[in-house]
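User: I'm new to this one and would like a walk through it. Can you take me through what stands out?

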Amino acid sequence: MRRPSLTIAVYPGSFDPATNGHVDIARRAAAIFEHLFVAVYDAPPKNVLFSTEERVTLLQKALKDTPNITVASFGGLLVDYTKAKGAKVIVRGLRAISDFEMEFQMALLNRKMEPTIDVVCLMTSEQYTFLSSSILKEIVMLGGNVNGLVPGHVAEAMKRKFSSRPDVGAIPRYLTS
Ligand code: PNS
């Protein structure tokens, strides 16, 4: 069966780290668009737990079964990266109305900078609406279980990160992303 669209899209984010909600949005976007670039922002305005390379590697492993997805990092303006990839669409996931305000603002600013690019928001699947990377980091830091909420290898990487960084537990700023 033919794909309904032959458009290239970019799905950007901090992905610190990727959750099952992110993976779900990426797979659903890849079923709509001809090719999806999952773009890991290299300089989020918040403290990240994982390096850019680690965030890319974790996502690549999670999405390796979807051939029309490429995971890579990007820096600078999202609209510039999107244009450079030949894409006309930016994909974002919406978990709840509370996400909308920020997404609306970013979409309008991006359109102001680059009117040829549009934003498509996909609604998060019901079972993932409560997921957020920052809360999951707190759960793992405090010894809780995130199985089923993030890919298995991401859960392992989070546990390793917190056990190798005993200081992290004392630094609440890691939970602000
Ligand atoms: O997962 P996040 O943290 O909500 O993703 C935010 C992201 C990476 C999409 C946003 O910070 C971004 O686009 N950064 C790139 C720099 C840029 O273009 N900023 C202006 C956005 S209006």
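User: Which residues in H1 are buried?

Analyst: In this predicted model, the buried residues of H1 are Asn20, Gly21, His22, Val23, Asp24, Ile25, Ala26, Ala29 and Ala30.

User: What caps the N-terminal end of H1?

Analyst: Threonine 19 does, with a side-chain oxygen that lies 3.1 Å from the backbone nitrogen of glycine 21.

User: And how far apart are the end C-alpha atoms of H1?

Analyst: They are 19 Å apart, and this agrees with the 18 Å that the 13 residues of the helix, residues 20-32, should span at 1.5 Å a residue.

User: Let's turn to the core. Which residues have the most contacts inside the largest nonpolar core?

Analyst: Those are Leu36, Val38 and Val91, in a core that has 22 residues. At least two residues of this core come from each of strand E1 (8-13), H1, strand E2 (35-41), helix H2 (52-62), E3 and strand E4 (89-94), and H1 gives the most, with five residues.

User: Changing topic, how many salt bridges are there?

Analyst: The count comes to eight salt bridges. One of them joins the side chains of aspartate 16 and lysine 137, at 2.7 Å from N to O, and this pair links distant parts of the chain, since aspartate 16 is in the loop between E1 and H1 while lysine 137 is in helix H5 (residues 133-141), 121 residues apart.

User: Are those two buried or exposed?

Analyst: Aspartate 16 is buried, because its relative accessible area is 3%, and lysine 137 is buried as well, with a relative accessible area of 0%.

User: What about arginine 95, which residue does it form a salt bridge with?

Analyst: Its partner is aspartate 99, and the closest N and O atoms are 3.1 Å apart. Arginine 95 is partly exposed at a relative accessible area of 34%, whereas aspartate 99, at 15% relative accessibility, counts as buried.

User: And where do lysine 159 and glutamate 156 lie?

Analyst: Both lie in helix H6 (residues 152-164), three residues apart, which is about one turn of the helix. An α-helix has 3.6 residues a turn, so residues three or four places apart point the same way.

User: Last topic, the surface. Which residues make the nonpolar patch?

Analyst: Leu77, Leu109 and Met113 make a nonpolar surface patch of about 280 Å². Leucine 77 is found in the loop between strand E3 (69-74) and helix H3 (78-84), and leucine 77 is partly exposed, with a relative accessible area of 42%.

Methods. Residues numbered from 1 in each chain as written. Predicted model: local features only at pLDDT ≥ 70, side-chain atom pairs only at ≥ 80, totals over all residues. Heavy atoms only, no water. Patch = residues over 30% accessible without salt bridge, like charges linked within 9 Å, V, L, I, M, F, W, Y side chains within 5 Å. Areas by Shrake-Rupley, 256 points an atom, 1.4 Å probe, with all protein chains shown as cover. Salt bridge = Lys/Arg side-chain N within 4 Å of Asp/Glu carboxyl O. Helix = DSSP H or I, 4+ residues; strand = E, 2+ residues; numbered from the N terminus. Buried < 20%, exposed > 50% of the residue type's maximum accessible area, 1.4 Å probe, protein only. Expected span 1.5 Å × (residues − 1). Polar contact = N/O pair within 3.5 Å; in protein donor to acceptor, adjacent residues only side chain to side chain. Core = buried A, V, L, I, M, F, W, Y, C linked by side-chain atoms within 4.5 Å.
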